[in-house]
Amino acid sequence: MSNKVALITGASRGIGHHLARHLYAAGYHLILIARDAQALNAFASTLDPARVQTLALDVCDYPAVAQQVQQALSAHSQLDVLINAAGIFRAGSTQTPLDDFSAMLATNVTAIHHLCQLCVPWLLKSPEGRIFNLASVSGVQPYGSVASYAASKHALVGYSRSIARELGAQGIKVTTLCPDVVDTDMAQGSGLAADEMLSTDDLCRAVDFVMSLSPAAVVEQLTIGRQYRPRKPV
């Protein structure tokens, strides 16, 4: 059994949930963060309690996150992997309400900066510390219908690629994952069929690929596109 430790946000559902299950199967000890305490605890109940700690937190509650994350990390000698998968989506572009715009920036950017800030000292204790920040294809391409969400993801891509240069010099590898639409509950309303979307398994394989490379290799950004198919006439 591995002694490696991973901290994953957004772990109660979607991509974060599947990445948590994937790393658990790989032998990691997990620190899982999500707002939905019921869903988070239901997930944790299927795992070995000796290898899992849950923190029912809103990542935007910065004082509570700071206190509880530091306490959780203190039970371990190091942190090997930080996965920032928590994120929110609000539709809209120029007419997006300011509260929605601010909420996306807070969750999709500021909270991730805060988690990185908290976790870097522990990642430095690992011989191969890694950060995976979950962005989106909308963080590297313009999308007129979701400009506000795209703004938050563009900011995250820029932040993540920049800290990759800073932290890389200290031995921590930072990868920004930029998938197209993934088959999760966040994709409801996309109008896409399941076979037209990426699978959460694709993200698990992407993480495996990045971590399988030689010590000299680093993937700062990985964009996972979607195979577009001609629609059949109705």
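Biologist: What should I know before we start?

Modeller: This is a predicted model, in which local features need pLDDT of at least 70, side-chain atom pairs count only at pLDDT 80 or more, and totals for chains, interfaces and linings use all residues. Residues are numbered from 1 along each chain as its sequence is written, and side-chain values use heavy atoms, with hydrogens and water left out.

Biologist: What makes E1 and E2 a pair of strands?

Modeller: Two strands pair if DSSP finds at least two bridges between them. Strand E1 (residues 5–9) and E2 have five bridges, in the parallel sense, so they meet that definition. Ala6, for instance, stands opposite Leu30 in E2. The names come from DSSP runs numbered from the N terminus: helices are H or I with at least four residues, strands are E with at least two.

Biologist: What is the order of the strands in the open sheet?

Modeller: The seven strands run E3-E2-E1-E4-E5-E6-E7, with parallel pairing. Strand E3 (52–56) and strand E7 (221–224) are the edge strands, as each pairs on one side only. Neighbouring strands of this sheet are turned by 15 degrees against each other on average, direction ignored. Further along, strand E5 (residues 130–134) and strand E6 (residues 173–179) also pair in the parallel sense over five bridges, and Ile131 has Val174 in E6 as its bridge partner.

Biologist: How do you know that helix H5 packs on the sheet?

Modeller: We look for contact, meaning heavy atoms within 4.5 Å. Helix H5 (residues 147–168) touches E5, E6 and E7, and its direction makes about 160 degrees with that of E6. Helix H6 (residues 200–212) packs on the sheet too, touching strand E4 (81–84), E5, E6 and E7, and makes about 150 degrees with the direction of E5.

Biologist: Why is E2 called largely enclosed?

Modeller: Buried means under 20% relative accessible area, exposed over 50%, and partly exposed in between (1.4 Å probe, protein chains only). Six of the six residues of strand E2 (residues 29–34) are buried, so the strand is largely enclosed by the rest of the structure. Both faces are covered: His29, Ile31 and Ile33 lie on one side, with Leu30, Leu32 and Ala34 on the other.

Biologist: Why are H1 and H6 called oblique?

Modeller: Axes are lines fitted to C-alpha atoms, for helices over the stretch in contact, and angles run from 0 to 180 degrees between N-to-C directions. Angles under 35 degrees count as roughly parallel, over 145 as roughly antiparallel, 65 to 115 as roughly perpendicular and the rest as oblique. The axes of helix H1 (residues 14–25) and H6 come within 9 Å and cross at roughly 50 degrees. That angle falls in the rest, so the two helices are oblique to each other.

Biologist: Why are H4 and H5 called roughly parallel?

Modeller: The axes of helix H4 (residues 98–123) and H5 come within 8 Å and cross at roughly 15 degrees. This is under 35 degrees, so H4 and H5 are roughly parallel. Their contact divides into 14 nonpolar, four polar and one charged residues. Here Ala, Val, Leu, Ile, Met, Phe, Trp, Tyr, Cys and Pro count as nonpolar, Asp, Glu, Lys and Arg as charged, and the others, Gly among them, as polar.

Biologist: What about H3 and H4: roughly parallel or oblique?

Modeller: The axes of helix H3 (residues 62–73) and H4 come within 11 Å and cross at roughly 30 degrees. That is also under 35 degrees, so H3 and H4 are roughly parallel. Their contact has 11 nonpolar, three polar and no charged residues.
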